[in-house]
Amino acid sequence: MSHLDDPARPAPPLGMLAELTHRCPLQCPYCSNPLELTRKRDELDTATWQRVFAEAAELGVLQVHLSGGEPAARPDLEALVASCAEQGLYTNLITAGVNIDRARLEALAEAGLDHVQLSVQGATAPINDHLANLPGAFDKKLAFAREVTDVGLPLTLNSVIHRANLHQIPDLVELALTLGARRLEIAHAQYYGWALENRAALMPPREQVMEALALVEAARERLEGKLVIDAVVPDYYARLPKPCMNGWGRQSLNVTPAGRVLPCHAAETIPGLTFLNVREHGLGEIWYDSPAFNAYRGTAWMPDTCQSCERREIDWGGCRCQALALTGEASQMDPVCERSPYHDEVQTLAIVDSKRDDDFTYRRFSRQSA
Amino acid sequence: MNPSAPALAEDAIVRLPRGVRLREDKARGGWVLLAPERVFQLDPVAREVLARVDGERDIGAIVDDLAAAFAAPRERILGDVRAMLADLILKQVLEVV
């Protein structure tokens, strides 16, 4: 019997995030990477990644997001793109755009790259370079964006939004149009990893968040057909939880630089789960049969309130990592939900954080493990 | 249909822009349109239309071909194809040459 015929079998994944490396020239304080970054010596080698891409295609993955860290820190990036293309996988390069010159970009396009997503930390050099903690980064990004469109590759601009750049949303829209981007992602910071560490320096005030949401909505309508605008909403102030990853183990998987396979970026923060490694296990086995992927799959694991909620297969219970970070238990209701007993506490916490004046802790490799 | 959708003439030629690909989805069955950060699962009708989009044939020729292949009234097919393609143009997964 094939997987298609078995109703109890989870559907195959659509997308895979390949975190090729944690090395990055930027030090953004909201980075989604874990606080304990993987060293170069522990990264998967070229051949292993190529095997993983073949297994992903076989499993049913359609799109691969080549990310990091900065994926261009890997000298074998062109070879990895070519492997994905050979497998028919759609490749999306998620880059900071400060270390890819014209020749390399052309080589990537030649290898079959489908799309480039460029991050900007703000719409102006002072804000961008302060957030990235890298002087000159903004100018390099602008030059890179022009090369991308000049080479003929489709460009998405991505900006993570927080207290220090929330006022720049109209400028980001203008920047995306000026640079010829076809798509803009306005992604409010999600508080995991480094962003959780920096929450008190990043959390915007509630009223500004609401204004920003309205601005994005208006821009989206005004620019329909010209610029696709996708928004990742700030959920601490929300009434309903986000459908994190569209459900645990439902559509996508992450492979870390060291080869561990996760249902999402922050899953390793959850105690008691064991994440299998592509060095020892096949991707299909991990997706279908590993206890970690099955832990919060579907609706059976949900608390009673979620089980009886009409939104259980819309929100998929929200986010497990957020439940853990804010309540201490990964199997709790997502505390953002207004039906959670922790809901008021989370709203208060966001308001308190938004009024603090903390400095950033920039994303860096820890000294101890150097 | 969205009121801001551009009117498509019969002699208009459309194509998939770079970064958008049509392919079979063997794992789930059916065909998909792959675009930046998006996957569109196509119904059989959409698949038949997009399979004929090659950046050379105009919309009129595509409609003729569909009308012959499915022995259906040309006017109805033309209306459906125009609406479908206009919607894809708004979503930026199709462009007029």
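**Figure 1. The loop that holds B:Ala71 in the predicted model.** B:Ala71 lies in the loop that runs between α2 (59–70) and α3 (74–90) of chain B. The model shown here and in the other views is predicted. B:Ala71 is not a glycine, and its phi is positive, near 45°. The residue has 6 C-beta neighbours inside 10 Å and therefore counts as exposed.

**Figure 2. B:Ile62 and its contacts in chain B.** Helix α2 of chain B contains B:Ile62. This residue has 24 C-beta neighbours inside 10 Å, so B:Ile62 counts as buried. When its neighbours within four places in sequence are left aside, B:Ile62 is in contact with B:Val49, B:Arg52, B:Val53, B:Arg57 and B:Val81. The view also takes in B:Ile77, which is 15 residues away from B:Ile62 along the chain; the C-alpha atoms of the two are separated by 9.8 Å.

**Figure 3. The loop that holds B:Glu37.** In chain B, the loop between β3 (31–35) and β4 (38–42) includes B:Glu37. Phi of B:Glu37 is near 60°, which is positive although the residue is not glycine. B:Glu37 counts as partly exposed because 19 C-beta neighbours lie inside 10 Å; a residue needs 20 or more to be buried.

**Figure 4. The open sheet of chain A.** Nine strands of chain A make up an open sheet with mixed pairing, and their order is β7-β6-β5-β4-β3-β2-β1-β8-β9. At the edges stand β7 (228–232) and β9 (261–262) of chain A; each has a single partner strand, so one side of each has no neighbour in the sheet. In general, the strands of a sheet pair through backbone hydrogen bonds, in either a parallel or an antiparallel sense.

**Figure 5. Strands β5 and β6 of chain A with helix α6.** Six bridges join strand β5 (residues 155–161) of chain A to strand β6 (residues 183–188) of chain A, and the two pair in the parallel sense. One of the residues involved is A:Asn158, whose bridge partner in β6(A) is A:Glu185. Helix α6 (residues 169–178) of chain A packs on the sheet and touches both β5 and β6 of chain A. The direction of α6 makes about 155° with that of β6(A).

**Figure 6. A cis peptide bond in chain A.** The peptide bond between A:Gly68 and A:Gly69 is cis, with omega about 5°. A:Gly69 belongs to the loop between β2 (63–67) and α2 (77–86) of chain A.

**Figure 7. The largest nonpolar core around A:Val61.** This core has 128 residues, and A:Ala56, A:Val61 and A:Val64 have the most contacts inside it. Helix α1 (residues 46–59) of chain A gives the core its largest share, six residues. Residues up to four places away in sequence not counted, A:Val61 touches A:Pro13, A:Leu14, A:Gly15, A:Met16, A:Ala56 and A:Leu89.

**Figure 8. Helices α4 and α5 of chain A.** The axes of helix α4 (residues 125–132) and helix α5 (residues 137–151) of chain A come within 8 Å and cross at roughly 110°. This makes α4(A) roughly perpendicular to α5(A). A:Ala125, A:Asn128, A:Asp129 and A:Ala132 in α4(A) meet A:Ala137, A:Phe138 and A:Asp139 in α5(A). By class, this contact has four nonpolar, one polar and two charged residues.

**Figure 9. The contact between chains A and B.** On one side are 21 residues of chain A, in contact with 18 residues of chain B. The chain A side divides into nine nonpolar, eight polar and four charged residues.

Key
Residues numbered from 1 in each chain as written. Chains lettered and ligands numbered in written order. Predicted model: local features only at pLDDT ≥ 70, side-chain atom pairs only at ≥ 80, totals over all residues. Pairing = 2+ DSSP bridges. Helix = DSSP H or I, 4+ residues; strand = E, 2+ residues; numbered from the N terminus. Contact = placed C-beta atoms within 7 Å. Axes fitted to C-alpha atoms, helices over the stretch in contact; angles between N-to-C directions. Nonpolar A, V, L, I, M, F, W, Y, C, P; charged D, E, K, R; others polar. Buried ≥ 20, exposed ≤ 12 C-beta atoms within 10 Å, placed from the backbone. Core = buried A, V, L, I, M, F, W, Y, C linked by C-beta atoms within 7 Å. Parallel < 35°, antiparallel > 145°, perpendicular 65-115°, else oblique.
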